[in-house]
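Let's take a walk through this protein chain together. Have the picture open beside you and look up each residue as it comes along.

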Amino acid sequence: MYRLSFCFRNSNPGTLFALLTLVLVISSCTRTQPVTYYQLSTSDSCQTAGDAIAIGDSVIGLGPMRLPEALERPQIVSRQSSNRLQLSDSQRWIEPLAENIYRVLRENLSVLLDTERFLIYPWSRAIPADYQIIIEIIRFESTGYQTVSLEAVWSIRDKTAKVIILPQKRSSYQVRVMSPDYEELVRALSETLCLFCREIAQELSNNFGEK
């Protein structure tokens, strides 16, 4: 402290001003930005009970579900180009993304299939699922604040997890983002999950549902 005050006393005003400016710049750079947290939600268009497709007492198992490693992080990921992604440190998911997606899928499908009989992977072998939906998400991201995309490869198997009832199918959905903010982006991503759930429900209805 003595050496610092001595240095200041023997510095000319221009040097002192430059040092103070440098301190202020460093201080402003190290100040952390406030973080805003987001959560995917069920979509109103998937919560209309009148559209329900009853599947009786069947138990539906959701998972395993695989996400790209780039999405397994708290920051929201936006695609800037084919080869460039942007992570926002100040815009984050409030929980692991996979857990949030599982819950939204379950809530949407519970209305669309008129059942609460779901198992989330991994589940106990003592409670087998009649049908297992296996999902690999290829893309779940925004594209320049104009659209969001969900692309998934999925299949349905029976309770043994060996007999393939619905072979691997690739599904893609795009939803337009109505305003350039993260809350609208997350709403649009939630809507892509609703579209995905509607396709899953229709496939279950075509193969196993009550006509």
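Pro122 is exposed, with a relative accessible area of 66%. Here, exposed means over 50% relative accessible area, buried means under 20%, and partly exposed is in between, using a 1.4 Å probe and protein chains only. You'll find Pro122 in the loop between β5 (118–120) and β6 (131–143). Strands like these are DSSP runs of E with at least two residues, helices are runs of H or I with at least four residues, and both are numbered from the N terminus.

The peptide bond that joins Tyr121 and Pro122 is cis, with omega about -5°.

## What you are looking at

This is a predicted model, where local features need pLDDT of at least 70, side-chain atom pairs count only at pLDDT 80 or more, and totals for chains, interfaces and linings use all residues. Residues are numbered from 1 along each chain as its sequence is written, and side-chain values use heavy atoms, with hydrogens and water left out.

## The whole chain

How many helices and strands does the chain have? There are four helices and eight strands, and reading along the sequence gives the pattern α-α-β-β-β-β-α-β-β-β-β-α. Of the 211 residues in the chain, 40% are buried. The accessible surface comes to about 12,500 Å², and carbon and sulfur atoms account for 53% of that. These areas come from the Shrake-Rupley method with a 1.4 Å probe, and for residues, only the protein chains shown count as cover.

Now for contacts, meaning heavy atoms within 4.5 Å. Take the contacts between residues at least 6 apart in sequence: 66% of them join residues at least 24 apart.

## Two helices that cross

Two packed helices are described by the angle between their axes and the distance between the axes. Helix α3 (residues 97–112) and helix α4 (residues 182–207) pack at an angle of about 50°, with their axes 9 Å apart. The axes are lines fitted to C-alpha atoms, for helices over the stretch in contact, and angles run from 0 to 180 degrees between N-to-C directions. So α3 and α4 are oblique to each other: angles under 35 degrees count as roughly parallel, over 145 as roughly antiparallel, 65 to 115 as roughly perpendicular and the rest as oblique.

The crossing of α3 and α4 is right-handed, a word used if the near helix is turned clockwise from the far one by less than a right angle. On the α3 side, the contact is made by Ile101, Val104, Leu105, Asn108, Leu109 and Leu112, while α4 brings Leu193, Cys194, Phe196, Cys197, Arg198, Ile200 and Ala201. These residues divide into eleven nonpolar, one polar and one charged. For the sorting, Ala, Val, Leu, Ile, Met, Phe, Trp, Tyr, Cys and Pro count as nonpolar, Asp, Glu, Lys and Arg as charged, and the others, Gly among them, as polar.

Is Asn108 buried or exposed? Asn108, which lies in helix α3, is buried, with a relative accessible area of 0%. Leaving aside neighbours within four places in sequence, Asn108 is in contact with Thr42, Ser43, Cys46, Gln47, Leu193, Cys194 and Cys197.

Over in helix α4 sits Val186, which counts as buried at 4% relative accessibility. Not counting residues up to four places away in sequence, Val186 touches Tyr38, Gln39, Leu40, Ile76 and Trp93. Leu40 is 146 residues apart from Val186 along the chain, but their C-alpha atoms are separated by 6.2 Å.

Most residues other than glycine have a negative phi, and most peptide bonds are trans. Asp114 is not a glycine, yet its phi is positive, about 55°. Asp114 lies in the loop between α3 and β5 and is exposed, with a relative accessible area of 53%.

The peptide bond from Gly63 to Pro64 is cis too, with omega near 5°. Pro64 lies in strand β2 (residues 60–66).

## Partly exposed: Arg73 and Ser81

Arg73, in the loop between β2 and β3 (75–81), counts as partly exposed at 32% relative accessibility. Apart from neighbours within four places in sequence, Arg73 is in contact with Leu87 and Trp93.

Ser81 belongs to strand β3 and is partly exposed, with a relative accessible area of 34%. The C-alpha atoms of Ser81 and Thr143 are separated by 8.0 Å, with the two residues 62 apart along the chain.
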